[in-house]
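Trainee: I would like to learn how to read a protein model step by step. Could you take me through one, feature by feature?

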Amino acid sequence: MLKASLFLGVNVLAATLVVACSNGGVDHSIHQAVTDNKNAKSLIEWEKSDSHPELLFEQWRKDAASSPEKKASLQERVCKELAALDGEALSIFDNEIHAEKNAIVIYTCKGQLLEKIEEFYVSQRPAAEVLAPQQSLQKAHFQFPLNVQKRDTTNGYFAVTGDVARKEVILTFDDGPSERYTETILQALRAVNAKAIFFSLAKSVRSNPEILKKVAADGHSIGSHSITHACLGTSRACQKTNGQVLSFDQAAVEIRGGHQAVYDTLGWVDPFFRFPYGEASPELKNFLKTNSTGEFLWSIDSEDWKAQTNEKLISNTLAQIEARGRGIVLFHDIQRRTAEVLPQFLAELYSRGYSVVLLQPADMNIRYNSKLVKKKLP
Ligand SMILES: [Zn+2]
């Protein structure tokens with residue numbers, strides 16, 4: 001869920017207009033962000049918000065850099081308004097508050113804001129012993145039996161449920177690897193022998209290659225999810241998110257580049273691709289097919305990008321699983337909420353009799369011979 005920085009131009013312009021037109025600016029923008037996050041029915045709806053935290057901070061950084069006076073008054077306003085949010089609402093700004101580049105905007109209150117977010121998460125952990133997510137794993141008293149299933153992608157493959165049977169789920173983690181959360185997520189999965197598919201972003205892979213190697217070492221499947229998380233389809237929502245519709249060639253570069261980054265890091269990549277936001281076009285679907293690569297959607301959306309309590313995240317996701325009885329679950333390993341809830345979520349899955357499926361290509365050699373990548377010369 002990282003925005004494609006290539007296309008930020010138009011969005012920033014839009015954000016500037018919002019800030020300039022609104023009375024009070026900062027407080028309006030922050031409250032609009034909280035409202036938009038709450039009302040969004042899908043990730044793309046949230047990402048195309050003119051008040052998305054990434055856009056707001058981008059604008060504030062520019063304003064703060066323009067003059068010392070502006071910087072001082074902006075810091076004061078942003079700090080005041082963010083500090084007034086409760087922990088749950090503040091959590092949608094989590095990644096931006098952490099980002100080093102944003103220190104110029106929130107220098108005076110960064111520590112205080114981070115403490116509040118920390119408190120929000122810690123207060124929701126099991127009351128008896130307040131443990132960090134990875135510590136609580138030592139208590140895992142169950143193991144999922146290994147359930148590997150093969151899918152043939154030679155002539156393409158389109159997955160919504162992954163064709164698993166009742167009481168079977170496939171876990172998927174998008175947008176990583178993240179230096180903050182992926183390893184915590186790996187520990188949670190390892191503790192109970194659960195295997196997943198990771199749909200990695202090239203720009204995250206290039207920043208965190210060692211973490212991707214740890215994902216691979218744990219035996220998970222690894223597909224890709226584009227280079228920059230640009231919206232590759234031709235819908236209006238894509239146009240709004242990118243500021244333009246990508247040409248077929250531009251989209252193909254994104255798809256190839258996602259696969260190439262994983263291949264360059266590991267020497268292999270599974271023939272699995274997930275379109276950012278699930279947005280595709282017939283031409284791009286066909287492109288995957290002719291490159292013997294499967295297209296993965298999902299049938300159960302954790303909505304882990306939304307401000308919510310851990311309990312709500314778990315109960316909403318489980319309710320969808322129980323309603324459908326099976327399917328592909330979408331999480332993001334860049335979301336702290338997911339790292340926090342995963343041990344408890346996995347325990348609930350197990351106690352309800354679900355099996356976690358590891359999907360692999362029918363022929364494992366295809367991993368080393370993806371048609372989407374250029375092989376390194378020996
Ligand atoms: Zn994504």
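Trainee: Let me start with a single residue. Which residues does Ile-227 touch, not counting residues up to four places away in sequence?

Mentor: Keep in mind that this is a predicted model. With neighbours up to four places away left out, Ile-227 touches Ala-202, Lys-203, Glu-254, Gly-257 and Gly-258. Ile-227 itself sits in the loop between strand S5 (221–224) and helix H14 (236–242).

Trainee: Is Ile-227 buried or exposed?

Mentor: The idea is to count C-beta atoms around the residue, and 20 or more others within 10 Å make it buried. Ile-227 counts as buried because it has 24 C-beta neighbours inside 10 Å.

Trainee: What about Asp-175, then? Where is it, and what is its phi?

Mentor: Asp-175 belongs to the loop between S3 and H11. Its phi is positive, about 80°, although Asp-175 is not a glycine. Asp-175 also counts as buried, because 26 C-beta neighbours lie inside 10 Å.

Trainee: Which other residue has a positive phi although it is not a glycine?

Mentor: Lys-167 is one, with a phi of about 70°. You will find Lys-167 in the loop between strand S2 (157–159) and S3. Lys-167 is partly exposed, because it has 13 other C-beta atoms within 10 Å.

Trainee: While we are looking at the backbone, which peptide bond is cis?

Mentor: The one from Gly-176 to Pro-177 is cis, with omega near 0°. Pro-177 is in the loop between S3 and helix H11 (182–191).

Trainee: S3 keeps coming up. How do I read its pairing with other strands, for instance how many bridges join S3 to S9?

Mentor: For each pair, look for the bridges and the direction. Strand S3 (residues 168–174) and S9 run parallel and are joined by 6 bridges. Within that pairing, Thr-172 has Leu-330 of S9 as its bridge partner, and Leu-171 stands opposite Val-329. S3 also runs parallel to strand S4 (residues 196–200), with 4 bridges between them; there, Asp-174 is partnered by Phe-199. With strand S10 (residues 355–361), S3 pairs in the parallel sense over 2 bridges, and Glu-168 stands opposite Ser-355.

Trainee: How enclosed are S3 and S9?

Mentor: Count the buried residues in each strand. In S9 (residues 327–332), 6 of the 6 residues are buried, so S9 is largely enclosed by the rest of the structure. In S3, 6 of the 7 residues are buried, so S3 is largely enclosed too.

Trainee: And how should I think about a nonpolar core?

Mentor: In soluble globular proteins, nonpolar side chains tend to be buried together. Here the largest nonpolar core has 72 residues, and Val-169, Ile-170 and Val-329 touch the most other members. That core draws at least three residues from each of domain 1 (5–122) and domain 2 (133–368). A second, separate core has 19 residues, including Ala-33, Phe-57, Ile-92 and Val-105.

Trainee: Which residues does Val-329 touch, apart from those up to four places away in sequence?

Mentor: Among them are Val-169, Ile-170, Trp-298, Ile-300 and Ile-321.

Trainee: Now a helix, please. How far does H4 reach from its first C-alpha to its last?

Mentor: Helix H4 (residues 53–66) reaches 20 Å, close to the 20 Å expected for its 14 residues. Its buried residues include Leu-55, Phe-57, Trp-60 and Ala-64.

Trainee: Last, what is the mean pLDDT of the chain?

Mentor: The mean is 91, and 89% of the residues reach 70 or more. Over residues 2–23, though, the pLDDT is below 50; that stretch has 41 contacts in the model beyond near neighbours in sequence. Where pLDDT is low, the predicted coordinates should not be read in detail.

How values were computed: Residues are numbered from 1 along each chain as its sequence is written. A nonpolar core is a set of buried Ala, Val, Leu, Ile, Met, Phe, Trp, Tyr and Cys residues joined through C-beta atoms within 7 Å. A residue is buried if 20 or more other C-beta atoms lie within 10 Å of its own, exposed if 12 or fewer, and partly exposed in between; C-beta atoms are placed from the backbone. Domain bounds come from an automatic or database domain assignment. Two residues are in contact if their C-beta atoms, placed from the backbone, lie within 7 Å. The expected span of a helix is 1.5 Å times one less than its number of residues. pLDDT is the predictor's confidence in each residue, from 0 to 100. Two strands pair if DSSP finds at least two bridges between them.
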